[in-house]
Amino acid sequence: MTQYDPRLEGETRPLSGWAMGGITFAGTMMIMLGIFQILNGIAAIANDDFFVVTRNYTFDLDVTAWGFIHLIVGALILFTGFGLFGRRTWAGVTAIVLAMLSALSNFFFIPYYPLWALLLIGLDIWVIWALTRPGAIET
């Protein structure tokens with residue numbers, strides 16, 4: 001960990017290889033997560049009977065509604081993943097927020113498609129870890 005040095009105020013430091021690797025990893029995973037979410041959304045919108053609907057689930061939404069949620073979140077994640085590759089300033093924080101939103105929506109989707117939802121939650125957590133490492137989203 002680097003200590004604060006007032007002489008270096010205003011100077012930009014080059015990103016380390018580890019930080020660039022984290023950004024590249026997070027961008028790649030965001031693009032994959034976006035595609036997975038979009039496919040999940042399309043499947044739910046196109047065929048309501050594809051997912052098994054559990055009874056007496058607290059967060060009981062229509063499968064089509066879940067499909068649109070996953071489709072919208074997936075498109076935003078995909079767009080943000082490309083923003084990470086372009087080293088856009090907004091993309092780092094937006095990616096963390098969208099990964100949290102994706103993990104939350106997949107948590108509520110667990111009764112419909114458990115293994116897939118848990119896999120996507122794990123990938124979301126991995127993206128958050130990659131972006132919150134020291135120096136990962138500095139510009």
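Q: To begin with accessibility, is tryptophan 90 exposed or partly exposed?

A: The model is a predicted one. The class of a residue follows from its relative accessible area, with exposed meaning over 50% and buried under 20%. Tryptophan 90 has 37% relative accessibility, so it counts as partly exposed.

Q: How many aromatic pairs does the structure hold, and how is the geometry of the rings of phenylalanine 36 and tryptophan 116 to be read?

A: Two values are read for a pair: the distance between the ring centres and the angle between the planes, where over 60 degrees counts as edge-to-face and under 30 degrees as stacked. The structure holds seven aromatic pairs. For phenylalanine 36 and tryptophan 116 the centres are 5.2 Å apart and the planes stand at 65 degrees, so this pair is edge-to-face. It joins distant parts of the chain, since phenylalanine 36 belongs to helix α1 (residues 17–46) and tryptophan 116 to helix α4 (residues 114–132), 80 residues apart.

Q: Which geometry do phenylalanine 79 and tryptophan 90 show?

A: This aromatic pair is stacked, with 5.5 Å from centre to centre and 15 degrees between the planes. Phenylalanine 79 lies in helix α2 (residues 63–85) and tryptophan 90 in helix α3 (residues 89–108), eleven residues apart, and the pair links these distant parts of the chain. Phenylalanine 79 is exposed, at a relative accessible area of 55%, whereas tryptophan 90 is partly exposed.

Q: What lies in the loop between α2 and α3?

A: Arginine 87 is found in that loop. Its backbone deserves attention: arginine 87 has a positive phi of about 55 degrees although it is not a glycine. With a relative accessible area of 40%, arginine 87 is partly exposed.

Q: How is the span of a helix such as α3 or α4 to be judged?

A: The distance from the first C-alpha to the last is set against the span expected at 1.5 Å a residue. Helix α3, with 20 residues, reaches 30 Å, close to the expected 28 Å. Helix α4, with 19 residues, reaches 27 Å, close to the expected 27 Å. The buried residues of α3 include Ala95, Ile96, Leu98 and Phe108, and also Ser102 and Asn106. In α4, Leu120, Ile121, Asp124 and Val127 are among the buried residues.

Q: In which helix does methionine 32 lie, and is methionine 32 buried or partly exposed?

A: Methionine 32 lies in helix α1 and, at 34% relative accessibility, counts as partly exposed. Its C-alpha atom is separated by 9.0 Å from that of isoleucine 77, a residue 45 places apart from methionine 32 along the chain.

Conventions. Residues are numbered from 1 along each chain as its sequence is written. This is a predicted model: local features need pLDDT of at least 70, side-chain atom pairs count only at pLDDT 80 or more; totals for chains, interfaces and linings use all residues. Side-chain values use heavy atoms; hydrogens and water are left out. Rings of Phe, Tyr and Trp (its six-membered ring) pair if their centres lie within 6.5 Å; planes under 30 degrees apart count as stacked, over 60 as edge-to-face and the rest as tilted. Helices (H or I, at least four residues) and strands (E, at least two) are DSSP runs, numbered from the N terminus. Buried means under 20% relative accessible area, exposed over 50%, partly exposed in between (1.4 Å probe, protein chains only). The expected span of a helix is 1.5 Å times one less than its number of residues.
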